[in-house]
Amino acid sequence: MKFCIITHAIHKQSKQKIFAYEPYVREMNLWGKYIDEIIILAPVSKDKVENIESSYSHSNIKVVEIPNFNITSIKNLLNSLLVIPKICMSIYKVMKEVDHIHLRCPGNVGLLGCLVQILFPSKNKTAKYAGNWDPKSIQPATYRFQKWLLGNTFLTKKMKVLVYGDWPNQTKNILPFFTASYYKKEIEEIAIKDLLKQVKLIYVGGLTVSKQPLLSVKTAYELIKKGYNVSLNMYGDGVMRDDIEDYIKLHELENNIYLHGNVNKEGVKKAYKDSHFLVFVSKSEGWPKVVAEAMFWKCLPISSNVSCVNYMLGNNTRGSVLKANTKIEEVVKEIEIYLNDNSMYQKKVLNAQNWSQNYTLDKFEIEIKSLINE
């Protein structure tokens with residue numbers, strides 16, 4: 001089978017290997033086990049490969065490079081109009097050549113892929129919608145259009161759309177799905193985490209405005225001011241790093257809050273094992289893998305009610321679900337409830353671990369194989 005991936009993910013080539021964002025590559029390597037040839041249509045960068053990137057394992061793979069573009073402003077839109085026809089032609093040529101079309105959405109490239117795939121009604125297709133599929137959520141017009149087009153079975157034929165969460169009133173081609181990070185063989189016994197010693201908070205994700213990393217920092221600071229022995233380790237990078245560093249310096253938190261930058265999978269895994277709480281109150285998510293990963297290692301999530309988080313946390317039985325616009329005081333209060341009720345903390349931690357460990361890469365691979373063979 002010849003398989004194409006249409007994606008906005010930045011790809012890099014180094015030492016005859018192709019690299020991209022590690023969680024995405026990890027997933028695509030599972031698809032690749034059941035495919036003879038892969039063609040990737042994506043933007044390409046010559047930058048150095050980073051810790052959060054890994055390589056494809058497939059032996060028969062090539063990349064068709066396209067320009068990176070965005071439509072976030074009038075100026076960018078005008079510039080994009082010059083390259084979009086060329087990109088669409090490249091997408092058409094690749095889709096014509098392959099047996100199975102796979103779209104990665106939402107994104108600018110995925111949007112073009114959604115449009116071009118209409119010209120191939122007889123080809124087998126899958127789309128992974130990695131954003132928030134909640135019909136009630138407020139999203140950009142381009143995201144809403146992609147969701148509408150993917151769910152329109154008149155225009156989009158022979159397509160299985162994988163979405164996070166089980167939502168009402170969906171067309172028959174919309175399939176509730178999940179993302180996994182670990183194999184069953186990786187499961188190990190995690191010792192009971194003592195809340196009477198230093199309470200370790202963790203944040204994992206991009207240091208971006210939408211993920212609200214500064215809220216995690218301020219939560220740690222307020223707990224410290226209240227006399228709790230608290231530390232916060234942050235993994236990830238982004239545009240808010242300077243703001244966070246300034247806040248740490250201003251409030252003399254250098255011995256309590258640590259910025260580790262982008263760290264590989266094993267480094268983050270070890271951090272989950274050592275931590276009591278994940279404080280991740282994001283405003284926009286699909287399937288927040290960091291929430292599922294934390295649960296896997298008995299690290300209790302304090303997260304926000306976006307996308308399928310409420311489902312993941314079992315209506316507060318496997319962690320705490322707060323509003324995305326919650327105040328710092330509310331996050332602090334939620335953590336204090338656990339610090340004053342160890343039995344509740346331990347019960348929820350165990351519930352979280354048992355639930356998360358049902359979603360392994362082994363199960364994920366079985367589901368992917370069935371999609372390819374349909």
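## About the model

The model is predicted, so local features need pLDDT of at least 70 and side-chain atom pairs pLDDT 80 or more, while totals for chains, interfaces and linings use all residues. Residues are numbered from 1 along each chain as its sequence is written, and side-chain values use heavy atoms, leaving out hydrogens and water.

## Nonpolar cores

Let's start inside. A nonpolar core here is a set of buried Ala, Val, Leu, Ile, Met, Phe, Trp, Tyr and Cys residues joined through side-chain atoms within 4.5 Å; buried means under 20% relative accessible area, exposed over 50%, and partly exposed in between (1.4 Å probe, protein chains only). The largest core has 86 residues, and Trp-31 is one of those touching the most other members. A second, separate core of 30 residues includes Leu-41 and Phe-69.

## The open sheet

Six strands line up as β13-β12-β11-β14-β15-β16 in an open sheet with parallel pairing. Two strands pair if DSSP finds at least two bridges between them; strands are DSSP runs of E (at least two residues) and helices runs of H or I (at least four), numbered from the N terminus. The edges are β13 (257-261) and β16 (320-322).

## Salt bridges

There are 16 salt bridges, each a side-chain nitrogen of Lys or Arg within 4 Å of a carboxyl oxygen of Asp or Glu. In one, Lys-226 meets Glu-336 with the closest N and O atoms 3.8 Å apart. Lys-226 sits in the loop between α5 and β12 and Glu-336 in helix α10 (residues 328-339), so this pair ties together parts 110 residues apart in sequence. Lys-226 is exposed at 52%, whereas Glu-336 is buried at 16%.
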